[in-house]
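Dear colleague,

Please find below the sequence and structure that I am handing over to you.

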Amino acid sequence: MERLELRTKESIELIDITDEVQQIVRAKRVDSGICVVFSRHTTTGIVINENEPGLRSDILRLLDELVPRGKGYLHDRIDSNAHAHLRAVLLGSSVSIPIETGAMTLGTWQSILFVECDGPRRREVFVQVVAS
């Protein structure tokens, strides 16, 4: 398993990690298999979507509208970041991408995006490549 280290800069942001994951897949020299990308943090998410600036802004705005900060969440009594945990629940903590002929089978416009919901922080993403 490989580990990517990220340093987020904003309280909520999207980071395209597709190139880094592709490098790991290539280095493993797996012709056919699966790549799992996993965040071990409860206030982050991993999604696959288009890395277009307008859509990126729309995603962040949607998360803020669906789960706004400071709405009286019970977890806020502990550390005031319940909104980040709840946003992460909606996003999910991992994605799986099939590998064929040594490359991930992402669609033309698909990118792997790390979603920070409680930054800025130092984060880790794990990438596991499994041959089939």
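**Helix α1 and its end**

Directly after helix α1 comes R29, a residue with a positive phi, near 50°. Please bear in mind throughout that this is a predicted model.

Helix α1 itself spans residues 18-28, and its buried residues are T18, V21, I24 and V25. These four lie on the same side of α1, because the arc they cover around the axis is only 125°. The face turned away from that buried side carries exposed residues, namely D19, Q23, R26 and A27.

**The sheet**

The model contains an open sheet of 5 strands, paired antiparallel in the order β1-β8-β3-β5-β6. Its edges are formed by β1 (2-7) and β6 (103-104), each of which pairs on one side only.

Within this sheet, I looked at the pairing of β3 with β5. Strand β3 covers residues 33-39 and strand β5 residues 94-100; the two run antiparallel and are joined by 6 bridges. In this pairing, C35 stands opposite I97 of β5.

**A nonpolar surface patch**

Which residues form the nonpolar patch on the surface? They are L62, L66 and L90, and together they have about 300 Å² of accessible area. Of these residues, L90 is located in helix α4, which comprises residues 82-91. L90 counts as exposed because its relative accessibility is 53%, and the exposed class begins over 50%.

With kind regards

Technical notes:
Residues numbered from 1 in each chain as written. Predicted model: local features only at pLDDT ≥ 70, side-chain atom pairs only at ≥ 80, totals over all residues. Heavy atoms only, no water. Buried < 20%, exposed > 50% of the residue type's maximum accessible area, 1.4 Å probe, protein only. Arc of directions from axis to C-beta. Pairing = 2+ DSSP bridges. Patch = residues over 30% accessible without salt bridge, like charges linked within 9 Å, V, L, I, M, F, W, Y side chains within 5 Å. Areas by Shrake-Rupley, 256 points an atom, 1.4 Å probe, with all protein chains shown as cover. Salt bridge = Lys/Arg side-chain N within 4 Å of Asp/Glu carboxyl O.
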